[in-house]
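Visitor: I am new to this structure and would like to be guided through it. May we look at it together?

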Amino acid sequence: MKKLIIAVLFCNSCFAQKITENITDEFTGANIKSTSWEYIYVKLTNTAKVRLRKVDDSYFLELKYNSLGMGLLGSGENNPLMLKTSDSIYKIYPKVFRSSCVGCGATGFGGSAAIGFAQEYILNKSDILRLLNSPVSKMRIYFTDGFEEAEIDNNSALSLIKMMKLIF
């Protein structure tokens, strides 16, 4: 029985959202806080992981995307990351343009040989406050040759809310 309890506690701590970085940059003085990476969705041909990051009073949603065969991720006003909740659609825009590369979507060894993409999107405080009360149900990611939509399961939506609570 003790072994079962220890195993459950260990597994729970492995997959729980947590703060992985909480530092003050010694050169700039910026306060930086980041959550752990969590899967937002997994499909046969692609996966997406997200984490939240706060730098002083600025908030970012970081996306790591691994794909089989999709093009480059779009950037700019015409290609936001779109998040759908039960009552709204949120458009969040990339901080800078980045092109895809081998291993760019990996957060560890898994996926390091796949074509991937890493993008940082700007979040504002009002969107975070609204998203805390309304779970994300669907996400759309734009590419240069189209877009990908994914249903977000309830566990992933709750993980995103937990991340927001940790960072906000």
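This is a predicted model: local features need pLDDT of at least 70, side-chain atom pairs count only at pLDDT 80 or more; totals for chains, interfaces and linings use all residues.

Guide: Residues are numbered from 1 along each chain as its sequence is written, and side-chain values use heavy atoms, leaving out hydrogens and water.

Visitor: How many bridges join β10 to β11?

Guide: Helices (H or I, at least four residues) and strands (E, at least two) are DSSP runs numbered from the N terminus, and two strands pair if DSSP finds at least two bridges between them. Strand β10 (residues 138–143) pairs in the antiparallel sense with β6 (residues 81–84) over three bridges, where Met139 is the partner of Leu83. A hairpin of two residues leads from β10 to β11. Between β10 and β11 (residues 146–151), which run antiparallel, the number of bridges is six.

Visitor: Within what arc do the buried residues of α2 fall?

Guide: In α2 (residues 125–133), the buried residues are Asp127, Ile128, Leu131 and Leu132. Seen down the axis, with the arc taken from the directions from the helix axis to the C-beta atoms, they line one face of the helix, because they fall within an arc of 140°.

Visitor: With which side chain does the side chain of Thr85 make a polar contact?

Guide: Thr85 is found in the loop between β6 and β7 (89–92), and it counts as buried because its relative accessibility is 3%. A polar contact is a pair of N or O atoms within 3.5 Å; within protein, one must be able to donate a hydrogen and the other to accept it, and residues adjacent in sequence count only if both atoms are side-chain atoms. At 3.3 Å, the partner of Thr85 is the side chain of Ser134.

Visitor: Why is Thr35 called buried?

Guide: Thr35 lies in strand β2 (residues 31–35). Contact means heavy atoms within 4.5 Å, and, leaving aside neighbours within four places in sequence, Thr35 has contacts including Leu52, Met163 and Ile167. Thr35 is buried because its relative accessible area is 0%.

Terms used
Buried means under 20% relative accessible area, exposed over 50%, partly exposed in between (1.4 Å probe, protein chains only).
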